[in-house]
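Here are my notebook entries from a walk through one model.

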Amino acid sequence: MSTGAGTPSRAGGSTTTDIPARLDRLPWSRWHWTIVIGLGTVWILDGLEVTVVGNIAGRLSEPGSGLSISSGQVTGTAAALYVAGACVGALFWGRLTDHFGRRKLFMITLAVYLAATALTSLSTEAWWFFLFRFLTGFGIGGEYAAINSAIDELIPAAYRGRVDLMINGSFWLGAVGGSLLSILALDTAFLPENIGWRLTFALGAVLALVILLVRRHVPESPRWLLIHGRDQEAEEIVSGIERKIEEQTGEPLPAPEGRLEIHRRGSVTFLEIARTVFGRYRRRAVLGFSLFIGQAFLYNAITFGFGAILTRFFDVPADRTGYYFAVIAVGNFFGPLLLGKLFDTVGRRVMISSTYLLSGVLLFATAWLFDRGSLSASTLTACWCAVLFFASAGASSAYLTVSEIFPMETRAMSIAFFYALGTAAGGISGPLLFADLTGTGKVGDTVLAFQIGASLMCVAGLVAAVLAVRAEGRSLEDVATPLSSTSPSGAGEKGVGVG
């Protein structure tokens, strides 16, 4: 536990503290698992939402579904509104997260998701369904900013990479569940056609309620409290965490290394955020832009029109494509799970660049085999699993990267901006491009779609090889010095500047 020398002290409107160092030197504990479960499991809901809607589109459009809507409206209008809601929500809630705190916002955004998805299950008109799909996305978008901020600020530096990747990769656990759940929901022998699809949305609301109850035990980020002049609250939270961990381990904690002086200041303006992200850290902004665009287009090159590719080229029945999607979703999940530790040990630059480049090269190889007619539905799915094993780790590292390479005062807004950028590219421009290519029924056009995604992934990998920040094992304050800091904690100014 902290000694008296580590207690926050006030001096002329500033705070000198060792709280960030105390958080980073903590051993992994049951308390950290509480944070992971309380905050990270929401991505499972996102994966469940996205997958279920796509797979039950056919059932919703049937006359007996209780909802007057076409399949195209579900996968087109409703999907676009969900994406738009996520983009708007990320930007809206991201700003509030930096201003009002992580905890307050990750409770509110989950409540918005819960209410919206529950009300989606009650839809009887298309406009009602559209409205609450937008609001569901609005809540999920806010989650990305609030949750990634809180996780990075609460998890020790030595574990931050693997935990962030595992949490963001858990989206695909939800996708597996969504694929299998949709198969059950479409079985009219088990559930009436006007009930099954409603229960899938209701289940999402029930799971969100459980997560909301767990989140009550997740504290505010002590780092956020510090830069907002709430030193005593930050001290009480960290001291409480230290007591719990010492009780669990039965051993005293090592002494923290390094102190930080923070000047009290008002809210950060949008202009200051823009100057910081795109001026002082412009190379890092290029890195974030490249990573998000690359992964967004790769995923659309593979997954947009997934079912159509299987049915058109390999005669897979439409009601069986969910099984194939479940298989590639498993590959997506195991990538971040198994490779995550290497981002903390081998390092960010090597792992980010290699996962992007490997997935791009493997997709080029898949496109070549597909063009030659050498693949079946099963072997194509196996190829996609290999591609996405690496791509999923790379895509998750994009979220990790933008959540740790910008100053704390801009963290949530930075995450929100790059998330909105990637989501818009993947959910708007991506489908517009790949729908035309995969919808023609020509092998060459589908090959071109694969090659575009692979090319952008390789370009992002090369950018990462040059610009990726070596953030492994370093405190957030060392990676990017807070705007309100005047004396970075023991690590000099390595995190300062445009690199």
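**Helix H18.** H18 has a kink of about 30°, centred on Leu 388. I also checked its cover: 22 of the 28 residues of H18 are buried (under 20% relative accessible area; exposed is over 50%, partly exposed in between, with a 1.4 Å probe and protein chains only).

**Ground rules.** I noted that this is a predicted model, in which local features need pLDDT of at least 70 and side-chain atom pairs count only at pLDDT 80 or more, while totals for chains, interfaces and linings use all residues. Residues are numbered from 1 along each chain as its sequence is written, and side-chain values use heavy atoms, with hydrogens and water left out.

**Helix H12.** I repeated the span check on helix H12, residues 231–249: its 19 residues should span 27 Å, and its end C-alpha atoms agree at 27 Å apart. The buried residues I listed in H12 include Asp 231, Glu 235, Val 238 and Glu 242.

**Salt bridges.** I counted a salt bridge wherever a side-chain nitrogen of Lys or Arg lies within 4 Å of a carboxyl oxygen of Asp or Glu. The total came to 16 salt bridges.

- Arg 25 and Glu 242 meet at 2.8 Å, N to O. Arg 25 sits in the loop between helix H1 (19–24) and helix H2 (30–40), and Glu 242 is in helix H12, 217 residues apart. Both Arg 25 and Glu 242 are buried.
- Arg 215 and Glu 143 form a salt bridge with their closest N and O atoms 2.7 Å apart. Arg 215 belongs to helix H10 (residues 196–215) and Glu 143 to helix H7 (residues 126–154), so this pair ties together parts 72 residues apart in sequence. Arg 215 is buried at a relative accessible area of 0%, and Glu 143 is buried at 0% too.
- Arg 160 and Glu 404 meet at 2.8 Å, N to O. Arg 160 is in helix H8 (residues 160–169) and Glu 404 in helix H18, so the pair ties together parts 244 residues apart in sequence. Arg 160 and Glu 404 are both buried.

I also traced shared partners: Asp 18, Arg 22, Arg 25, Glu 235 and Glu 242 are joined by salt bridges into one network.

**Aromatic pairs.** I paired rings of Phe, Tyr and Trp (its six-membered ring) if their centres lie within 6.5 Å; planes under 30 degrees apart are stacked, over 60 edge-to-face and the rest tilted. The whole structure holds 29 aromatic pairs. Phe 92 and Trp 93 have ring centres 4.9 Å apart and planes at 80°, so I logged them as edge-to-face. Phe 92 is partly exposed at 42% relative accessibility, whereas Trp 93 is buried at 8%.

Phe 278 and Phe 417 are edge-to-face as well, 5.3 Å centre to centre with 80° between the planes. Phe 278 lies in helix H13 (residues 270–280) and Phe 417 in helix H19 (residues 411–438), so the pair ties together parts 139 residues apart in sequence. Phe 278 is partly exposed at 43%, and Phe 417 is partly exposed at 34%. Ring pairs also link a cluster, and among its members are Trp 43, Tyr 144, Phe 278 and Phe 417.

**Thr 97.** Which residues does Thr 97 touch, not counting those up to four places away in sequence? With contact meaning heavy atoms within 4.5 Å, I found Arg 102, Leu 105, Ala 146, Trp 224 and Ala 412. Thr 97 is placed in helix H5 (residues 71–100) and is buried, with a relative accessible area of 0%.

**Strand E2.** Last, I looked at strand E2 (residues 14–17), where Ser 14 and Thr 16 point one way, Thr 15 and Thr 17 the other, and all are buried. Strands pair if DSSP finds at least two bridges between them; four bridges join E2 to strand E3 (residues 260–263), and the two run antiparallel. Opposite Thr 17 stands Leu 260 in E3.

Conventions: The bend at a residue is the angle between axes fitted to the seven residues ending there and the seven starting there. The expected span of a helix is 1.5 Å times one less than its number of residues.
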